[in-house]
Structure formats: C-alpha cells, structure tokens
Amino acid sequence: MGKHSQIPARNWRLVGMAVLAVFIMMVEPVKSQSSSNRSNTLVRRYCSQYGVLDDEFFLRNLNTTLSSLRRQLANVTEYHAVARTIINGESVYGLALCREYLSPSECLNCFDMAVKGVRVCGIVNGGHVIYDDCDLRYENNNFYTEANVRGNVGVCGNRTSSQEAFRETVKDLLSDLRVATPRTPDFYAASTRRLKGSNATVYAIAQCNVNISQSVCAECLSIRSTTLANCLPNTFGRAIDAGCFMRYSNNAFFRDNQTTDLTPFLKDGNSSTKRAIIGGVLGGAGFLLIVLVFLLWHRSTKSSDRQKDKSTGATELLQGPMAYGYNDLVIATNNFSKDHKLGEGAFGEVYKGTLRDGEVVAIKKTTMASRGRSTYFDNELKIISNVHHRHIMRLLGYCNKGPHLLLVLEFMENGSLDKFLYGEKQGSLTWKQRFEIIFGIARGLAYLHEQYHVTIIHRDIKSSNILIDDDFQPKLSDFGLVRLLPEDKTHISTKVAGTFGYVAPEYAIHGQVSEKVDTYSFGVVVLEIISGRRCTDGIEVESITQNLVDYAWNLYENGTHVNLIDVTLNPSEYEQGDVKKIIELSLMCTQSPASTRPSMTEVVTLLSDCSPEQRSPLRSTVSEPHLRIPIDTSNTSAPSTSSNATASTVELSGR
C-alpha cells in the first residue's frame, strides 16, 4: 500500500528510493445504518504512513474516485467496482467490494460507512478498510492485482462450540469453498452445512477480487482457510488479505436462499474425491511411473499432440459459459429482425436482444468453420468466459444452432471508440477521457498477455473493437479470432486475422504471431485517439500523401509531433509534454522488429507514472519489405458498421 507517490516525470529517480509503508491496524465494532440494521463489524483498517505531494489535488481526485465507485455500486447487478482519477500527477486508484448477500441499498450503506472509515486515515497516499459486509481501498499506485500481502490475518471469535462435530463440519465447508470459489464466475460463493446429529447450521462465504487470476484467488483462499482452521473451535472467524476474504459463523449472516450450489465447481475438488485420487496414486505408483516415461517420450516426438494436450489441459478446470436456448434468443431479438440489428462484419452479424428477465444483451451470430471443430470452440469459449477484467468484454453465454455459433455478450449503448474519434460523435472526447481509454486498453491487453492463466493474443485490436461505457472507460471486444499462444511464443499462421492498417508487419507479411502483434495495433490505436484521425486516412504534406503512422513518425523525427494532437481538444485540458510522451510511447509500440517494442506490462508501467524515463522511439531500419498501410482517399465520414454488440462494457467494473 502506498508504495509510490505519484511523482512528476522530472523526479522519476526518487521513486526508487521509496520504502514500504507502515500501516496502522485497528479493530472496532461498527453498526450499519441500513434499513435492516445489519450488524457490520470493522475487521481491519490499514493506513499508509506517507503523505501526498499536493493535498488539494489528491483530495479532489480521491473524492472523484469514491464517487465513481459509489455510482457503479448503485447498479443492482454490481458488487465490485474500480476507478482511477489523475489530475496534476496525483493518481488515486480505488476498489470497492460488497458481499453478494447484500441488497443494493445495503451495499451502498456499507460503502458509505467504509468511506467514513477510510477517511480516518487522514491525507495519506493509501487506505484500506475491511468490514464483514464490504471492502474499500484506495492507493496512489495500481494495486488491483495484489492478493497475498497482509500475511496470515485472522480475527477469531471469543466463544467456543462444545459440539465435537463443529470443527470437522467447518473444515469441510471451508475446504469446499476454497476449491469452488475460484471457479465461480464472480469469485464468490456462500454455503451452509448442517452439523451431524444436530439442528445447528454453519454459515460461510468466500470472495476474491475479480481482478486477480483464478490461480491467485485459489492460493489466497487456501491461505485464508488455513488461518480460519486455527480459529476452531471458536464459533466464528474471519480471514482477510488484499485479494480475498473468508468468514464462517454458527449464526446466520445471509439467508438460506442466498447460497451457492457448489456441486458444479467441486469436480475433483471435494474431500472424498481427493481421498480416492490419493489412494489411486499410491496403489498404482509403479504403473503410472511407466506411463509417465512413455508419455514424456511420446510428447518429445509428437509436437502437434503436445500442443493439443496443452490446450486441453489449460481448459479442463475452467467453468464453461452458460448455454442459452435458441428459441430464447429468437424471442429476444424478434427473430433476428432488422430493427434489432446493430451491425455486421466479416465474422458475423450483431443484434440487440432483451432476455426474459429483462437483461439487455448483444448477440453475435457467427458461422462455425465446421462441425468437426466443436472441441476447439468449446475450449475457446471456456477460456473467453473465464476472463474477468474490467477492461475486457464479458462473454455471458452461447448457443449452438446448426452451423451457427451465437455468442451472448454484454451490451453498451455508447458503442465503439471509432464513433468518438471519426464517426458521428467525433470531437466529443476530452483529453482526460482519451487518456483513460488509452490506459484501460493497455491494462486489458497486459492482463490477456501476462496475467491470465493462459496467454491470449487478441490479434484484431482496432478502434471499432473497443467499447466505451457511460463513464468513458474502454473494454476490448471481439475475441472470435483469439488463439492461444504456443510454447515458443511465436508461430506461423496460415490465415492472418486482423484489420489492415492495424496489423503488425511481421504478422501481415510472414504470419508470425506474438504478444507484440497486439502491441503494434495498440500503438496505432493510440495515434488515432490522440489525433482523432483514422489510421488509413490520407494526410497530405508537401504534395506527399501519408498514412497516420508514417505521418506521426515524420513529425516526431522533425521534433514537431505535438502537431499530431487533435485540433478539437481544448489546449487547457492537457500539458503538451504529457501528450508528447504518450505519442513517443505509441511510436515505440509500432517499431520493428517486434523485439524492440515494449511489452504491454511495460506500457502500463510507463502510463502509470511509476517507471524511469522511457527510451526514445527508433524508426525501423530493417531491410525487409515494410507493410504499407493503405490510404483512404474517399474522404468519407460515415460511421463504422461495427457496434458495441461485438462486445460490451461496464464502468471500470467487473462483476
């Protein structure tokens, strides 16, 4: 917490001298002000020991971040929210998390209480309060993927149970929650367990921050369940860390109809199955050793089988997406009528639909390559549906019907980024909004490349595949072309997916795929965001027509790249030096060869103001044929046919 103050670029070197913050920890009972008068205990408060650079701007940014978090939680379907505000270098990242047994009003009441609780810290660069019913944390640096940083923090009750079955019942319940929760869509589960030979019941929940990966969630809950086991035979206990929360009690703190069916998430995870596996392993150890030797030899001689085994192994533990009935989707779209059609592209049509429960969704209707590839699609859908990140489109479910694969996605009214840059909403984005969009795209790609449990390359990053929510936060959409990255981090593809103008040269010319393909496309999109121009627009300079990338490079080499900034932007909204730095970063992303481009994690670090000065971009001098981006000389301003139905967004949140 508070490991870095947001320091201007001239003081980057001071960042390396920062030390770990010291926290103040407090425990005190607090009563909720909800209508149901829930008993809501403050479990822990952590306060940074370090101040901020500018009190006025920090407090302003903190208030803006807290307001954004509250606005998100006001949505009846949201229990998790994140937001970031930066003005004058004083970044404030915020995260709020409610337990899912709360009503929307109870969640807001707990959040309001948490705001008061965290303000007790004063004007410091980080604070974190954890209640029974909710968490709230803010920092001046990105902490969203932190999980196990507090140690074994547990709060045990002061009463003990005299029933011998109590200890084993709680242990079994916590063990099931530890296994099941990381496999649930929201990283949340609540369950009860009746004591043998008794009418007594044990209640327990587990919850992870959805920004961490499934494996990190599992690790976090494993530690917490061990901590809670040490509370026994006390009748209640809580275990916490930055990334997860567990609680058990012999008193009901949620209703019986608010439990989670753990059965689908406990395959190969419950204790009886574990015992069977252990017995089988011990009984057949010699045989398995022989099989293992054979498999190692087999894998070394069958590279194609190795790739298939890897893909299967990566998905076998993932929960698949919800299967929708075809008739339900027909009704939702009025038989896929033209009135519901939002757009279409090379890979299918997109429709707006309203499900039976009133939820508005986007439905993408694609054609499968062949029925024989159903396993491939099953695995891909599993991978996509388990991606949990606020800057990445959420796949809600799917439907197979004949040759068609229908994807049910989130829906957003605002549509795609291209409409704001050079479509019907052109010129409406402020600089702050543009920066937040750039930063969000970078974080989403970094998650896909390095933070998800398998590496995913999008391969079709473009402005029309980036959705904008009501708070102008981005989400990456359209994963229909996603392929898993092979072991050697690059391969030759027989079919280049992507859109001309955004495609990296090594991919378009040689079919070489790596994470740096997305980095290149990201750089092109950033140039579009800053300039408000389409990447294929013809820009005439001294009787020479250039595309956007070449134009930006020429400006940079002449030291005039500030001229790339969209003329519709108010100059008072930005510092030229800040924008020039981002232009230079975008050019670094379009460098060739691919090895000279930064990773997306490095890009996020540079954009987060917590890294040394970035190196200067260097235009490619590679002798291989360079991919020329075509120039659009039609001067048309017609909006893109892409729609937010290819994916969708929610405000910097992911539930």
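The chain averages a pLDDT of 78, and 73% of the residues score at least 70. Over residues 300-317, the pLDDT is below 50. This stretch has 19 contacts in the model beyond near neighbours in sequence. Residues 369-373 also stay under 50. Where pLDDT is low, the predicted coordinates should not be read in detail.

The largest nonpolar core holds 73 residues. Leu 417, Ile 441, Phe 522, Ile 530 and Leu 607 touch the most other members. Helix H12 (residues 431-451) gives the most to this core, with 11 residues. Beyond its neighbours within four places in sequence, Phe 522 is in contact with several residues, including Ile 438, Ile 441, Ala 442 and Leu 445. Cys 589 is another contact of Phe 522. At 0% relative accessibility, Cys 589 counts as buried. A second, separate core has 44 residues, among them Leu 42, Val 43, Ala 83 and Leu 136.

Six disulfides were found in the whole structure. One joins Cys 47 to Cys 121, with an S to S distance of 1.9 Å. The torsion about its S-S bond is about -70°, so this disulfide is left-handed. Cys 47 lies in strand S2 and Cys 121 in the loop between helix H3 and strand S5, so the pair ties together parts that are 74 residues apart in sequence.

A disulfide also links Cys 110 and Cys 134, their sulfur atoms 2.1 Å apart. Its torsion is about -85°, so it is left-handed. Cys 110 and Cys 134 are both buried. Cys 220 in helix H5 is bonded to Cys 244 in strand S11, 24 residues apart. Both Cys 220 and Cys 244 are buried.

Notes
Residues are numbered from 1 along each chain as its sequence is written. This is a predicted model: local features need pLDDT of at least 70, side-chain atom pairs count only at pLDDT 80 or more; totals for chains, interfaces and linings use all residues. Side-chain values use heavy atoms; hydrogens and water are left out. pLDDT is the predictor's confidence in each residue, from 0 to 100. Contact means heavy atoms within 4.5 Å. A nonpolar core is a set of buried Ala, Val, Leu, Ile, Met, Phe, Trp, Tyr and Cys residues joined through side-chain atoms within 4.5 Å. Buried means under 20% relative accessible area, exposed over 50%, partly exposed in between (1.4 Å probe, protein chains only). Helices (H or I, at least four residues) and strands (E, at least two) are DSSP runs, numbered from the N terminus. A disulfide is a pair of cysteine sulfur atoms within 2.5 Å.
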